[in-house]
Amino acid sequence: MGCSFWSFACVLTLVSHFLVVSAETHSRDAAALVSLSDSWTNNPPGWTGSDPCGSQWDGINCTDSRITSITLSNAGLQGELSGDIGSLTELQTLDLSNNVGLTGTLPQSIGSLTNLTSLVLDGCSFNGPIPDLGNLQKLFTLEGGTKTLDDIIFSFHSAVFKRRPTPHSLPSFSLCSFFSSDRIRSLSSNQFSGQIPPSIGGLSNLYVLDITNNSLTGSIPVSPGLDRLTNCRHFHCGNNQLSGSIPEELFGPEMLMIHVLFDNNNLSGTIPSSLGLVKTLEVVRLDRNSITGPVLNNINSVTNLRELHLSNNKLNGSLPNLTGMELLSYVDLSNNSFDPSDVPPWFSTLTSLTAIVMDNARIQDSLPHDLFTQSHIQIV
């Protein structure tokens with residue numbers, strides 16, 4: 001009888017030990033992820049049990065028992081993102097993009113994920129203010145989810161044209177900047193409101209800031225603010241309700257900016273002269289605002305520029321001199337208040353131009369006939 005008791009106790013001890021060592025997920029990470037799953041409906045079918053790493057839950061990657069990646073794009077998730085996310089302290093990638101059923105405000109605890117390098121939340125229905133992300137010093141990009149080449153072309157041009165472009169409306173441009181990182185990540189296409197947090201300026205490694213298609217209001221923050229993002233290559237801030245002028249301090253010659261997109265906001269004031277100091281610029285979109293004054297005198301010194309969108313503002317003075325901008329492929333200066341003028345000579349001298357849009361530009365002369373015979377011009 002005694003022997004049987006000790007045999008049973010020994011077996012029980014061995015079983016308990018086996019259960020402990022067989023659970024591959026750190027206990028705090030496991031509890032946090034189980035709590036997250038409880039706040040969602042329509043979880044992935046493989047999310048069963050209480051050991052996400054050991055059971056290889058769909059979309060979950062682990063390193064040494066710690067959850068380091070949650071990738072659940074287009075998973076049909078519904079519910080809110082609870083504060084439990086802050087307990088996953090080794091998390092490096094959080095991709096919940098294109099789950100339109102995810103709603104509510106982002107928890108403040110997301111700002112404590114100091115190992116996070118990729119935050120992918122585009123195409124959800126999150127609302128409310130963007131939390132303080134200033135402690136996420138390893139965060140690399142805040143733009144769209146992983147995309148194929150075709151997806152990138154459509155994403156970029158749907159932002160530019162608001163529709164999928166036809167072959168005749170697709171100007172040439174460099175895609176090199178899109179492939180500088182493995183993936184492209186985002187806070188775009190949600191329902192975020194309030195102001196842009198100045199603390200975003202502390203994200204010194206940020207490569208892409210994409211807050212497009214939200215309801216953000218207020219002025220563009222500087223000192224401190226976005227002017228501190230000297231390593232950032234992309235400001236994608238279009239389709240919001242930002243107001244005030246574009247600060248002179250926002251740009252500087254030390255910046256390596258490629259895209260500056262502030263289209264379809266409520267911005268006023270003049271184009272800051274400091275924009276002309278950023279020689280790496282390839283795309284500028286300031287269209288559909290209330291910007292006044294002349295176009296920069298030194299705009300043609302930004303010789304890497306491929307696309308210039310300034311339509312539907314209140315710009316005045318002379319049409320800009322774009323002579324020498326040999327890489328420029330798309331220009332839209334429509335619906336401003338420029339002085340009446342003759343046809344600019346750069347119309348026919350810039351051989352890279354594929355589209356010139358000049359509705360209501362008050363050009364007095366007829367367009368030169370040879371402009372329409374140039375094979376590279378697709379839209380006039």
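**Group meeting: core, sheet and cysteines**

Let me start with one residue. Leaving aside neighbours within four places in sequence, Phe235 is in contact (heavy atoms within 4.5 Å) with Leu209, Leu226, Leu229, Leu250, Met255, Met257, His259, Val260, Leu261 and Phe262.

A word on what you are looking at. This is a predicted model, in which local features need pLDDT of at least 70 and side-chain atom pairs count only at pLDDT 80 or more, while totals for chains, interfaces and linings use all residues. Residues are numbered from 1 along each chain as its sequence is written, and side-chain values use heavy atoms, with hydrogens and water left out.

Back to Phe235. The largest nonpolar core has 84 residues, and Phe235 is listed with Ile70, Leu96, Leu209 and Phe262 as having the most contacts inside it. By nonpolar core I mean a set of buried Ala, Val, Leu, Ile, Met, Phe, Trp, Tyr and Cys residues joined through side-chain atoms within 4.5 Å. Buried is under 20% relative accessible area, exposed is over 50%, and partly exposed is in between, using a 1.4 Å probe and protein chains only. Helix H2 (27-38), strand E3 (66-71) and helix H4 (346-349) are the elements giving two or more residues to this core. The largest share, three residues, is from H2. Helices (H or I, at least four residues) and strands (E, at least two) are DSSP runs, numbered from the N terminus.

Next, the sheet. Five strands form an open sheet, ordered E8-E10-E12-E14-E16, with parallel pairing. Strands E8 (127-128) and E16 (266-268) stand at the edges with a single partner strand each, so one side of each has no neighbour in the sheet. Two strands count as paired if DSSP finds at least two bridges between them. E12 (residues 215-218) and E14 (residues 241-245) pair in the parallel sense over two bridges. Gly218 has Leu242 as its bridge partner in E14.

Last, the cysteines. How many disulfides are there? The count comes to one, where a disulfide is a pair of cysteine sulfur atoms within 2.5 Å. Cys53 and Cys62 form a disulfide, with their sulfur atoms 2.0 Å apart. The link of Cys53 and Cys62 is left-handed, at -90 degrees about the S-S bond. Cys53 is buried at 9% relative accessible area, whereas Cys62 is partly exposed at 31%.

Cys232 is buried, with a relative accessible area of 0%. Cys124 also counts as buried, at 5%.
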